[in-house]
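Please keep the sequence and the 3D view open while you work.

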Amino acid sequence: YVVKDMRFWLGGVSYTLSGFAVMVPMTFSKAYANLELGVNVAEATSLFSIIGFSGIPAALLLPIISDKIGRKISIVICNSALAAGLIGSALLSASFIDLALWGVVIGVGYSTIWPLYAALVKDLYSWSVAGSVTGLWTLLCGIGLLLSPYLSGLLIDHAASYKPAYIMGFVIALASISLISKIKFRTLNA
């Protein structure tokens with residue numbers, strides 16, 4: 001019955017889009033920094049570590065905070081950080097320091113996506129189907145993770161610039177926010 005539920009598709013496609021947006025910087029940060037902005041290879045490579053390490057505090061704190069403020073708003077915050085980091089990287093970066101600062105913002109969004117969508121499943125569905133929904137949403141997220149490098153690479157090749165891929169990731173992250181915002185929680189009568 002869950003695949004007939006609009007909440008399943010809103011959450012699952014939102015997760016797909018989040019995965020897509022995440023993969024833009026996770027695939028192209030080094031090349032963008034080095035080949036387009038002229039950052040040396042060592043610094044460009046360190047962007048992946050900056051994204052990863054900056055996400056650790058967020059991954060520890062935001063899921064706990066989401067118990068108080070709600071999963072939906074927490075996912076909006078997470079995807080908004082991802083979107084801001086992507087557009088900042090594309091339009092407001094000219095140096096390693098700029099990319100590193102926007103990488104921290106991306107890290108906040110990147111690190112919290114996975115546990116928050118999993119927790120949202122339990123907020124929406126009973127334990128009897130939570131495993132199925134989590135598995136199907138993970139499959140949908142995987143589609144976004146797989147398509148992003150390929151489609152972004154095509155765009156980069158066509159534009160001869162990495163910036164359009166980051167802008168596309170920004171737009172896709174905004175679309176993810178739009179979808180997750182449409183989820184309605186059902187009220188149970190006790």
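This is a predicted model: local features need pLDDT of at least 70, side-chain atom pairs count only at pLDDT 80 or more; totals for chains, interfaces and linings use all residues.

Residues are numbered from 1 along each chain as its sequence is written, and side-chain values use heavy atoms, leaving out hydrogens and water.

**Exercise 1.** Work out how α2 and α3 are oriented to each other.

Step 1: Helices are DSSP runs (H or I, at least four residues), numbered from the N terminus. Helix α2 covers residues 41–69 and helix α3 covers residues 71–91.

Step 2: Their axes come within 7 Å and cross at roughly 135°. Axes here are lines fitted to C-alpha atoms, for helices over the stretch in contact, with angles from 0 to 180 degrees between N-to-C directions.

Step 3: Angles under 35 degrees count as roughly parallel, over 145 as roughly antiparallel, 65 to 115 as roughly perpendicular and the rest as oblique. The two helices, α2 and α3, are therefore oblique to each other.

Step 4: Look at the contact (heavy atoms within 4.5 Å). Among the residues that make it are Leu62 and Pro63 of α2, and Ile73 and Ile77 of α3.

**Exercise 2.** Find the salt bridges of Arg71 and say which network they form.

Step 1: A salt bridge is a side-chain nitrogen of Lys or Arg within 4 Å of a carboxyl oxygen of Asp or Glu. By this rule there are three salt bridges.

Step 2: Arg71 pairs with Asp67 at 2.6 Å, N to O. Arg71 also pairs with Asp123, with the closest N and O atoms 2.8 Å apart.

Step 3: This second pair links distant parts of the chain, since Asp123 in helix α4 (residues 96–124) and Arg71 in helix α3 are 52 residues apart.

Step 4: Shared partners join Asp67, Arg71 and Asp123 into one network.

**Exercise 3.** Are Arg71, Asp67 and Asp123 buried, partly exposed or exposed?

Step 1: Buried means under 20% relative accessible area, exposed over 50%, and partly exposed in between (1.4 Å probe, protein chains only).

Step 2: Arg71 is buried because its relative accessibility is 13%. Asp67, at 55%, counts as exposed, and Asp123, at 34%, is partly exposed.
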